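Let's take a walk through a protein chain together. Have a look at the sequence and the model, then read on.

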Amino acid sequence: MNRADLLFTGGPIHTGDAARTRASALAVTGGRITAVGHDEVRELAGPGTEVVDLHGKLLIAGFQDAHVHAVYGGLEMAACDLTGTVTVADYLARIAGYAAAHPDKEWITGGGWSMESFDGGLPTRQLLDSVVPDRPVLLANRDHHGAWANTRALELAGLTRDTPDPADGRIEREADGTPGGTLQEGAVGLVGRHAPAPTAADRLAALHRAQAMLHSLGITAWQDALLGEFGGNPDPSDAYLTAAQDGTLTARVVGALWWDRERGADQIPELVARREKFSHGRFRASSVKIMQDGIAENFTAALTAPYLDGCGCATGNSGLSFVDPEALKEHVTALDALDFQVHFHALGDRAVREALDAVEAAVTANGRRGNRHHLAHLQVVHPDDLARFAALGALANIQPLWAAHEPQMDELTIPFLGPRRATWQYPFGSLLRTGATLAAGSDWPVSSAVPIDGIHTAVNRREPGAGPDTPVFLPEQRLDLATALAAYTSGTAHLNRLDDTGVLRPGNLADLVVLDRDPFAAPAEQIAETRVLRTYVGGRAVHTAE
């Protein structure tokens with residue numbers, strides 16, 4: 001009899017296995033689960049076995065994040081962090097305090113501000129000038145689809161009233177055409193490329209910082225949704241390779257290589273070379289990220305019909321498709337034939353349809369190769385396209401925290417979509433009922449990386465902490481707790497081809513999380529109160545809160 005290295009007793013244990021959902025004991029040997037059951041599993045204990053008495057706490061499979069920007073998030077943790085603040089006065093105070101505390105920094109960078117804090121979602125350069133007039137400032141917004149710059153940063157970048165908008169972005173302007181301080185989408189890079197780039201050591205430190213934080217939230221694996229240079233941000237690929245080679249990458253990570261939307265198929269050989277160069281150990285650069293559109297709040301998400309204006313009338317703007325839809329079909333077909341997974345950013349219903357059309361073209365040309373292509377965000381999905389996910393084998397990569405009534409939704413989105421189209425948002429329940437496979441992620445640092453908060457929102461369609469008077473956002477799209485948890489465990493494990501994780505069954509890797517309670521035993525409104533006590537990867541503790 002092989003004695004266990006690690007033994008959990010005193011359950012409950014939520015296995016995630018439909019055939020055997022609950023157990024009270026689990027054994028680990030050599031980094032893998034060797035037994036799941038009840039009293040009989042205790043017989044595997046030996047003199048060298050570490051026995052963990054759960055004392056009624058819940059053991060589950062490790063959370064996995066299907067769409068996260070770990071290195072960028074780690075960099076922002078060390079920069080001017082505006083997350084959690086909501087008023088202009090708070091933003092300015094935090095920026096002024098950071099600038100005063102870092103007099104040696106040539107540029108003030110960071111981000112996390114929310115569009116709803118400013119009139120029309122557009123902060124001005126003059127506001128930044130009032131607290132930092134002498135150094136350039138560039139701060140990404142919460143969505144990372146725009147940025148806030150002061151006058152000095154705009155001047156250093158050479159932006160004037162005569163500077164044209166880039167094809168994939170927009171410079172918000174004052175009445176006379178002078179750049180006003182807000183940059184949208186590709187326009188961010190016009191300024192961002194002038195800011196000092198983080199060094200390789202900075203990027204590696206950021207990865208370690210982010211990994212520690214993600215492990216503390218119970219996250220054992222993720223897909224990094226952008227490996228490449230974008231918007232003035234550096235390529236984080238080298239950080240992953242270094243950490244994978246030196247053994248400091250304790251998570252299991254898939255990297256999505258950035259598709260340069262200003263180029264075409266000529267970049268595919270480079271992607272093949274990068275996949276080979278950067279894949280090592282626990283890191284695989286086997287996915288390609290194609291950003292097909294922008295976001296609804298700045299009217300760059302691609303829609304099948306025009307946005308409305310403030311009076312409810314149709315405008316001439318239906319958003320942006322960053323890659324020509326016909327070219328997209330060709331590119332995805334070629335990537336699929338090379339066994340790349342394609343990770344689409346598809347937020348508006350036209351972008352969703354264009355991405356599905358591209359997957360369909362690949363399946364028609366190549367047959368089903370099992371590459372597990374997936375569409376992330378899915379804010380607006382046309383009802384005609386819901387069933388296509390299951391039919392094509394395209395995975396629904398959802399960010400549940402966004403599916404709730406909050407100011408950005410109620411003030412900057414619903415009025416410009418209109419009442420009918422607003423009901424097509426984040427259709428998690430409909431996707432599930434039509435047979436789609438759900439995987440879940442956070443898009444951190446765009447929004448909170450806490451999986452429990454995402455699960456809470458998916459189940460309640462209310463943000464954690466929302467009062468009982470807060471309306472439920474499209475209640476027919478709620479998920480049950482088991483389904484929402486599966487999206488953050490076995491669903492993302494499937495998406496990432498980590499098929500021996502995500503479910504607690506013998507033979508699978510011992511990627512595990514101990515929670516401080518059993519959320520299945522309490523009302524759904526209390527899910528967000530759950531906390532992570534311990535996180536294990538391959539049977540080794542990578543986080544302990546006790």
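## Ground rules

Let's start with a term we'll need a lot: a residue is buried when its relative accessible area is under 20%, exposed when it is over 50%, and partly exposed in between, using a 1.4 Å probe and protein chains only. Residues are numbered from 1 along each chain as its sequence is written. This is a predicted model, where local features need pLDDT of at least 70, side-chain atom pairs count only at pLDDT 80 or more, and totals for chains, interfaces and linings use all residues, while side-chain values use heavy atoms, with hydrogens and water left out.

## The whole chain

The chain has 17 helices and 24 strands; these are DSSP runs numbered from the N terminus, with helices being H or I of at least four residues and strands E of at least two. Its radius of gyration is 23 Å, close to the 24 Å that the globule rule gives for 546 residues, so the chain is as compact as a globular protein of that length. That radius is taken over C-alpha atoms, and the rule is 2.2 Å times the number of residues to the power 0.38. Along the principal axes, the C-alpha atoms fill a box of roughly 80 × 55 × 55 Å.

How many of the 546 residues count as buried? The share is 58%. As for contacts (heavy atoms within 4.5 Å), take those between residues at least 6 apart in sequence: 72% of them join residues at least 24 apart.

## An enclosed helix

Now find helix 16, residues 451-460: 10 of its 10 residues are buried, so this helix is largely enclosed by the rest of the structure. Among them are Pro 451, Ile 452, Asp 453 and His 456. What do the buried residues of helix 16 pack against? Their partners are strand 8 (63-68), strand 15 (219-227) and helix 17 (481-495). Just after helix 16 comes Arg 461, with a positive phi of about 55°.

## Two loop residues

Thr 437 sits in the loop between helix 15 (428-433) and strand 21 (438-440). With 33% relative accessibility, Thr 437 is partly exposed. Beyond its neighbours within four places in sequence, Thr 437 touches Leu 395, Ala 396 and His 494. Ala 394 is 43 residues away along the chain, yet its C-alpha atom is 7.8 Å from that of Thr 437.

Leu 347 belongs to the loop between strand 18 (341-346) and helix 10 (349-366). Is Leu 347 buried or exposed? At 4% relative accessibility, Leu 347 is buried.

Most residues other than glycine have a negative phi, and most peptide bonds are trans. Against that background, the bond joining Gly 11 and Pro 12 is cis, with omega about 5°. Pro 12 lies in the loop between strand 1 (6-9) and strand 2 (13-14). Another cis bond runs from Trp 444 to Pro 445, with omega near 10°; Pro 445 is in the loop between strand 21 and helix 16.

Positive phi values turn up too. Glu 185, in strand 14 (residues 179-185), has a phi near 50° and is buried at 4% relative accessibility. Leu 474, in the loop between helix 16 and helix 17, has a positive phi of about 50° and is buried at 13%.
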